[in-house]
Each structure stands twice: as structure tokens, then as C-alpha cells.
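Biologist: Please take a close look at the pockets in this model. I would like to know what lines them and which parts of the chain contribute.

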Amino acid sequence: MLTLDKVYHAQYVLKDAARNTDIIYSPVLSEQSGCKVYLKTENLQLTGSFKLRGAYYKISKLSEEEKAKGVIACSAGNHAQGVALASNKFGINAKICMPDSAPISKVEATKSYGAEVILVPGVYDDAYNEAERLKKQFGYTFIHPFDDEDVIAGQATIGLEILNELKDVDAIVVPVGGGGLISGVAFAVKSLNPNVKIYGVQSAGAPSMADSVHEHKIKTLGSVSTIADGIAVKEPGSLTFELCSKYVDDIVTVTDDQVSAAILSLIEKQKMIAEGAGAVTIAAVLFNKLPQLKGKKVVSLISGGNIDVTILSRVINRGLLMSGRCCTLTLELVDKPGQLVDVSTIIANCGGNVTGVLHERSNEGSAINGCYLRIQIETRNFEHIEHIKNQLKASGFKLL
């Protein structure tokens with residue numbers, strides 16, 4: 001049974017194993033969102049994620065017989081690293097089932113802590129099924145990533161840290177996948193201060209807990225698709241569903257474009273790297289998914305920073321588009337000398353920066369001496385884009 005005593009015991013066990021991560025006030029994000037935003041930086045935790053807390057506490061409580069058998073876990077990457085590090089610390093053999101879509105960086109990091117990685121075709125739930133099969137076949141002890149009281153108690157220590165540092169906090173916004181993190185935080189915080197609001201954020205491409213809580217029964221998704229791989233879960237746990245239904249005030253969703261913009265904002269404004277799952281809370285705050293937070297003191301939990309560098313550039317580009325920092329304009333022109341000079345001069349005078357140009361001859365059905373110009377521009381925001389468009393139109397250019 002999950003109790004505050006267990007959470008406090010977890011805090012004691014973790015004092016030499018996990019960092020009490022900083023809570024940082026963000027003036028820029030506060031101005032953009034209209035609320036007082038504080039960042040709980042679990043992306044700076046050992047292994048780069050909060051998952052170390054729950055995994056370490058669970059493994060610390062295993063019997064000598066269970067430790068001797070070895071442990072098995074399933075994970076998209078962050079829980080894997082937590083289990084691998086904790087197992088290494090206690091001298092336990094660990095096997096981790098990971099979806100073959102997991103970022104290479106997370107796979108290699110898990111191996112670096114001494115665990116054996118088993119890549120499974122599919123998503124997290126497929127890795128879970130394989131881990132269950134191996135557990136039954138070889139008698140390993142299964143370390144569940146979220147639906148376990150000891151794991152939840154470990155994650156709940158984050159709630160204790162927040163209340164200890166920000167006693168007048170109004171709300172805490174938490175990423176949600178299977179629900180272990182928000183279940184722990186919500187239980188600890190609501191048990192100590194019921195007035196604090198707890199809001200969850202899921203990806204619109206994997207809203208299993210949001211759908212379950214809103215429909216008051218556990219829902220299983222047919223598929224999930226999101227850049228937030230850490231919270232791409234088809235079905236929430238039964239224990240976490242129960243805790244979320246009881247202690248969480250609401251769960252909202254954000255799109256991949258909004259998450260990309262949030263990652264970009266954290267990089268630019270906070271000099272901080274967050275993975276997709278870690279940035280969903282910033283996306284919810286920035287894109288007004290929780291309007292009730294206006295003017296409130298809000299902690300946004302940045303749950304992890306283990307983003308795959310190979311997709312970081314794509315995420316940044318998507319974030320630039322989402323925030324109006326770049327755009328592509330297509331113009332229909334008369335194919336004659338000086339047209340490109342005129343267009344680029346207008347853009348330059350408006351303060352835009354041309355980064356790419358594609359010139360094409362006209363298609364069938366258009367003027368025989370016509371052409372198309374596709375031009376990529378760096379801009380400040382959406383208002384800046386509209387200003388450039390209006391100036392081009394005022395000069396007689398046709399935008400498509």
C-alpha cells in the first residue's frame with residue numbers, strides 16, 4: 001500500500017543515489033505564458049531522467065533471493081538507464097527489453113551501465129510483453145516502469161522536494177505516460193497540501209491516460225505516434241489509473257509541433273536540453289492548454305533530457321516553423337531579369353533573412369513566360385511573416 005511513510009523512506013534511501021534537482025524560476029517563460037513558471041530540472045538528474053528514483057528504490061527493496069535471480073525491465077530508454085545503474089550499484093544482473101525504435105543514445109547509455117539490452121520490434125508495449133515472457137521463462141524479478149508502489153514512491157520524492165522548496169506553489173504540471181511519475185507526485189503533494197493543483201500532460205499521439213481518466217475506465221490505444229518516445233504508452237497501469245483518478249485534477253494533450261516549439265524555447269531561453277517527454281509540460285503552459293494557471297505560481301516538471309541528437313535538428317526546424325521563426329513563401333513571377341533581386345530586396349528591407357531559393361519554370365496551364373519562386377526565410381515571429389507577405393503583395397507580387 002502506498003503511504004507517505006513509504007515516500008519518506010524512499011527519500012531517505014535515495015539521498016546518496018539521486019540528486020535533489022534544482023527548481024529554477026524562468027522570467028522569460030513566465031512572461032510568455034502569463035504565469036510564474038518554475039522548472040523542476042529532472043533532466044539534470046543522474047542518467048538524465050527522474051526514472052532513476054523509482055528504479056533505485058524498487059531494487060533496493062529486493063530480497064537476496066530476488067537479487068540473485070537478476071532483474072528484467074522494459075523501457076523506451078529512461079527507465080532502462082535507471083534500472084541499469086541501480087542494478088550495477090547493487091551488483092545485480094540486469095536485462096532490459098527496449099523497443100527497436102528507442103534512440104540509439106538511450107540504448108548505448110543503458111549498455112554503458114552494464115545491462116544487457118534486448119531490442120524488440122514495435123513500441124513500449126511490445127517490449128513489455130517480451131519482458132513478461134522472459135520473466136516467466138527464466139524467473140527474473142520484473143521491475144515495472146510505472147505500475148508498482150515502490151517505483152511510484154520513488155518518483156513521489158519529487159513532490160516532497162517541490163513542497164519543501166516552494167511552499168506556496170499553486171500548481172504542478174507533470175508529463176504522463178504510464179502514469180508512475182504523476183501518480184507519485186500527486187499522491188505526495190495532495191496528501192500534504194490538498195490545495196495544490198496537479199495537472200498532467202500527454203502527447204496527442206499517445207493519450208492513453210487522458211482518455212482513461214476522462215472516460216473513467218482504462219483505455220487501450222490501437223497505436224501511438226509521437227516524438228515524445230518516453231511517454232508513448234498504449235495502456236496506463238491499473239494502479240496509476242486509480243491514483244490519477246483520485247489525485248490528479250486534469251490531464252491535457254499537446255501536439256508534436258507544440259512539443260518541438262517547447263524544446264526550442266527551452267534551448268534558446270533557458271539554455272536547457274529536454275527530450276520530447278520532458279518538454280510536454282512547457283508546451284502545455286506556452287500554448288495555453290491550462291488557462292486556469294494565469295497569474296499562478298506553477299512548477300513545470302522537466303522529466304528528462306535524453307533526446308537523440310540525430311533528431312534534434314529536425315525537432316529544432318519543426319519548432320522554428322511552429323513559432324514563426326522561419327517560413328517558405330511561393331511566388332508566381334514573370335520570368336525576366338531582376339525579379340529575384342526585387343523580391344530579396346523587399347525581404348531584406350523588412351528584416352528577413354533568405355536561407356534558400358528554388359526557381360522553377362511554369363507548369364502547364366500557366367503563363368508561358370511565368371515561373372515559380374520558392375524562398376525560405378528566417379523571421380522573428382508570425383507577425384513578421386505577415387508583414388513580409390503584405391510588402392510583397394503591395395509591390396505587385398503574387399503569393400500562392
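Modeller: The model is a predicted one, and the values are computed from it. The largest pocket has a volume of about 380 Å³. Its lining is made up of 19 residues, and those closest to the centre are Ser 101, Ser 225, Thr 226, Ile 227 and Asp 229. Two elements, helix 12 (256–270) and helix 14 (309–322), each give two or more residues to this lining. Helix 14 contributes the most, four residues. Sorted by class, the lining of the largest pocket holds eleven nonpolar, four polar and four charged residues.

The second largest pocket has a volume of about 240 Å³. Here the largest share of the lining comes from helix 12, with five residues. Among the lining residues of this second pocket are Gln 32, Leu 286, Phe 287 and Arg 325. By class, the lining of the second largest pocket divides into five nonpolar, three polar and three charged residues.

Turning to the helix pair, the axes of helix 8 (residues 149–165) and helix 9 (residues 180–192) come within 7 Å and cross at roughly 50°. The two helices are therefore oblique to each other, and helix 8 passes helix 9 in a right-handed crossing. On helix 8, the contact residues include Ile 152, Ile 158, Gly 159 and Leu 163; on helix 9 they include Gly 180, Gly 184, Ala 188 and Leu 192. The contact between helix 8 and helix 9 has ten nonpolar and five polar residues, with no charged ones.

Terms used
Residues are numbered from 1 along each chain as its sequence is written. This is a predicted model: local features need pLDDT of at least 70, side-chain atom pairs count only at pLDDT 80 or more; totals for chains, interfaces and linings use all residues. Side-chain values use heavy atoms; hydrogens and water are left out. On a 1 Å grid over the protein atoms alone, a cavity is a set of points where a 1.4 Å probe fits but cannot get out, and a pocket is an open set with protein on both sides within 12 Å along at least five of seven lines; lining residues have an atom within 4 Å of a point. Grid points are joined across faces, edges and corners, and a volume is the space filled by probe spheres set on the points. Ala, Val, Leu, Ile, Met, Phe, Trp, Tyr, Cys and Pro count as nonpolar, Asp, Glu, Lys and Arg as charged, and the others, Gly among them, as polar. Axes are lines fitted to C-alpha atoms, for helices over the stretch in contact, and angles run from 0 to 180 degrees between N-to-C directions. Angles under 35 degrees count as roughly parallel, over 145 as roughly antiparallel, 65 to 115 as roughly perpendicular and the rest as oblique. A crossing is left-handed if the near helix is turned anticlockwise from the far one by less than a right angle, and right-handed if clockwise. Contact means heavy atoms within 4.5 Å.
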